[in-house]
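Here are a few friendly notes to read alongside the model. Please keep the structure open as you go through the points.

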Amino acid sequence: MLIKYKKSWVIGHFIFGSIWLVFGIIFALDTINWIPSFYAIMAIYYIAMGFYLWYYNYLTLNKDAIQINGFLGKKMKWEDIKNISHFAGEIKVKTESKKMVISKQFVDSATFKTIKNYLKTTYKGELSI
């Protein structure tokens, strides 16, 4: 099961990138110094992050493992997981040495309920959701 990022989260990155770009253009027309390059770098960063979030998935759930995709993504096999708990809009998955947090802010609420139901049906260990 592939879980995409929330659309408002992705669109927010495009909006912030556009705002930074507008500021960069305004300052580039007004003055000649290093400030417009800062705005251009921030615009490129946010727009690139928007495309990254739009193209790639936030979470991958399959029969072998659970994986958060991204630059510092984590992957845990189902047989290594010791505990899954839910608190304050986050699902915490723990093994002996690792901890993974699935945050509700990155997915919409219906998808978050789907994730919880999938974990309830797939995981056979200690579960407090």
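1. A residue is called buried under 20% relative accessible area, exposed over 50%, and partly exposed in between (1.4 Å probe, protein chains only). Thr60 counts as buried, because its relative accessibility is 14%. Thr60 lies in strand β2 (residues 59-61); strands (E, at least two residues) and helices (H or I, at least four) are DSSP runs, numbered from the N terminus.

2. Before going on, note that this is a predicted model, where local features need pLDDT of at least 70 and side-chain atom pairs count only at pLDDT 80 or more, while totals for chains, interfaces and linings use all residues. Residues are numbered from 1 along each chain as its sequence is written, and side-chain values use heavy atoms, with hydrogens and water left out.

3. What does the side chain of Thr60 contact? The Thr60 side chain makes a polar contact with the side chain of Asn69, at 3.0 Å. A polar contact is a pair of N or O atoms within 3.5 Å; within protein, one must be able to donate a hydrogen and the other to accept it, and residues adjacent in sequence count only if both atoms are side-chain atoms.

4. Now look at Ala88, in the loop between β5 (83-87) and β6. Ala88 has a positive phi of about 55°, although it is not a glycine. Most residues other than glycine have a negative phi. Ala88 is exposed, because its relative accessible area is 66%.

5. Val22 belongs to helix α1 (residues 7-30). With a relative accessible area of 45%, Val22 is partly exposed.

6. Lys94 sits in strand β6 (residues 90-94). Lys94 is also partly exposed, with a relative accessible area of 33%.
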